[in-house]
Every structure is written in structure tokens, then in C-alpha cells.
Amino acid sequence: MVILMKMINKIRFNAIYIFYAVVLVLTLGFIFFCPQEFSSDGSTDFLRIFFVAAMSAIICAAITIRTDSISNKSRLIASLVMLIILPLYINIIVMYNFEIRMFRLWVFNCLIYFSFALVLLAITGRPALSGALTVIIFFLCYMLNTEVVFFRDTPVVPTDIFAVNTALGVADNYSLTLTYSLVISFQGTVLWCIVSYKLRSVIKGIFKRIILLFAAIVFTVGFYGFLSYYFEENNPDTLHYDKYDTSISNER
């Protein structure tokens, strides 16, 4: 048994160093092979380089954290706190949205992310897992929208669902475009998933799960009902969708 534990620890030790190497190679590769993403007015933007490197360093630090000795209750509390700050994290890091033009809409976005996490929490009973899945879902949405904007100059719209076969047909002629914001979004997603794995826990008890499910249904139905009224009936911000110019609508 002792020998087996030593072998497991050795494998884990080697795996961590391999992970460090992969992160270092990917970080340096992006910095050196995408210099256009780190230049501003002809000069190098060292703040962007620092931010990418710092995110990589934080990811490496997170992978080394040991949480085996932490009780399920403590991990549960920590993961619930993470779930509360999750909407802000997605809005700022994963969606790379620092600018607040209309505070109401910024808050609505945060509540949309929270509603997804709450529904997943009611289904799984695992705060860390539901948060990680929410981050992955919206990272994929952000990546898809970013690449589509580069490919055709317009954002993703709901009707694109019916054009999936066409998109797959031309996918071979398209290559992934790496941008600074997309890399930060990916790093943020990886970091959140690592911390979520370290703080994995479960909400036990059928009564708690029923209350959680009820809360998720009430919040989701109430919030999206309010959004429907806000934009269709009230619309104080005079926001309208222009199907002939989706880029302008998306920007607004």
C-alpha cells in the first residue's frame, strides 16, 4: 500500500511539471506568434503581455493547491461563494466585458449567467460542477461568436441554428483566429474549472434539493418573464433588433 501511494504521488508530481511545461509553451507561443495582439499604436503593449503571463502563473499555482484535507462542508461553502461571484467572473473575464455602458443591461447579463448556474445546481446538486459547466457553456458561446464575427463580420443570431449544415460544409476552409480577449477568456475558463475541481462538493438531503429546485424554477421563470416585459412592453432603453444590421444591434 505504501509503495502504491508513493507511485501515485510520483505520477502526480510528474504530471504537474508536464502541465507547467504545456502552459509555458502555450503562453510563450501566443506571445511570440501573435505579436499583433500585443501592439498598440506601433508600440508593444507590455500590460497585455503581463496579464497573459499572470493568468498562466495563477493557473499553475491553482493546480498545485491540495484540498484533500478540507472537509466537504468547507468546500461546499467555498463553492457556494464562488457561485455567487460567478456572474461577475463570466462577465468580466470569460466574456472580457470590462466596459459598462448601460448598468442595467450589464446586470441583466450577470443574472442570465446566474440563472444558468442555478438551474444546473438544482439538477446536479454540486455547486462547483454547475459553476464550471456554466463557465464552459458561455466560453463556447463567446468563442463561437468571436470566430463568426471574424469569418463573416456579423455576430451569431438565433437563426444560425438552421444553417449549421452549411457552416459545417465550409468549416474546412476556415482556421481558428486567436485574439487576446479569446486567450484571456480561455485562461479564465481553465482557471475556474481547476478551482472548481479542487472544491468539488455535493449538497446532500432530498429536502434541500427540493428547495433548490423550487428556487431555481421561481427565479428563472420570474427573471425571464421580467425581461420579456422589460424589452417588449416597456423597453425604456429603446433597444430594437435590426435583422438587416445585426452588428449594430449587437453593439447597442
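**Helices and aromatic pairs**

Modeller: The protein chain has 9 helices and 2 strands. Bear in mind that this is a predicted model.

Biologist: In what order do the elements of the protein chain run from the N terminus on?

Modeller: They run α-β-β-α-α-α-α-α-α-α-α.

Biologist: How much of the protein chain counts as buried?

Modeller: Of its 252 residues, 34%. As for contacts between residues at least 6 apart in sequence, 75% of them join residues at least 24 apart.

Biologist: Switching to rings. How many aromatic pairs are there in the whole structure?

Modeller: A search finds 12 aromatic pairs. One of them is phenylalanine 108 with phenylalanine 226, an edge-to-face pair at 5.8 Å centre to centre with 75° between the planes.

Biologist: Which parts does that pair tie together?

Modeller: Phenylalanine 108 is in helix 4 (residues 103-124) and phenylalanine 226 is in helix 8 (residues 206-234), so the pair ties together parts 118 residues apart in sequence.

Biologist: Is phenylalanine 108 buried or exposed?

Modeller: Phenylalanine 108 counts as buried because its relative accessibility is 11%, under the 20% cut-off. Phenylalanine 226 has a relative accessible area of 39%, so that residue is partly exposed.

Biologist: Give me another pair.

Modeller: Phenylalanine 116 and phenylalanine 138 are also edge-to-face, with 5.0 Å centre to centre and 75° between the planes. This pair links helix 4, which holds phenylalanine 116, to helix 5 (residues 127-152), which holds phenylalanine 138; the two residues are 22 apart. Phenylalanine 138 is buried at 8% relative accessible area, while phenylalanine 116 is partly exposed at 35%.

Biologist: Which residues form an aromatic cluster?

Modeller: Phe30, Phe38, Tyr96 and Tyr180 form one.

Biologist: And what lies over the face of tyrosine 197?

Modeller: Arginine 200, at 4.2 Å from the ring centre.

Biologist: Back to helix 5. How do the axes of helix 3 and helix 5 cross?

Modeller: Helix 3 covers residues 72-94, and its axis comes within 8 Å of that of helix 5, crossing at roughly 10°. Angles under 35 degrees count as roughly parallel, so helix 3 and helix 5 are roughly parallel to each other.

Biologist: Which residues make the contact?

Modeller: From helix 3, they include Leu76, Leu80, Leu83, Leu86 and Ile90.

Biologist: What classes of residue does the contact of helix 3 with helix 5 have?

Modeller: It has 12 nonpolar, 4 polar and no charged residues.

Technical notes:
Residues are numbered from 1 along each chain as its sequence is written. This is a predicted model: local features need pLDDT of at least 70, side-chain atom pairs count only at pLDDT 80 or more; totals for chains, interfaces and linings use all residues. Side-chain values use heavy atoms; hydrogens and water are left out. Rings of Phe, Tyr and Trp (its six-membered ring) pair if their centres lie within 6.5 Å; planes under 30 degrees apart count as stacked, over 60 as edge-to-face and the rest as tilted. Helices (H or I, at least four residues) and strands (E, at least two) are DSSP runs, numbered from the N terminus. Buried means under 20% relative accessible area, exposed over 50%, partly exposed in between (1.4 Å probe, protein chains only). A charge sits over a ring if NZ of Lys or CZ of Arg is within 6 Å of the ring centre and within 35 degrees of the ring normal. Axes are lines fitted to C-alpha atoms, for helices over the stretch in contact, and angles run from 0 to 180 degrees between N-to-C directions. Angles under 35 degrees count as roughly parallel, over 145 as roughly antiparallel, 65 to 115 as roughly perpendicular and the rest as oblique. Contact means heavy atoms within 4.5 Å. Ala, Val, Leu, Ile, Met, Phe, Trp, Tyr, Cys and Pro count as nonpolar, Asp, Glu, Lys and Arg as charged, and the others, Gly among them, as polar.
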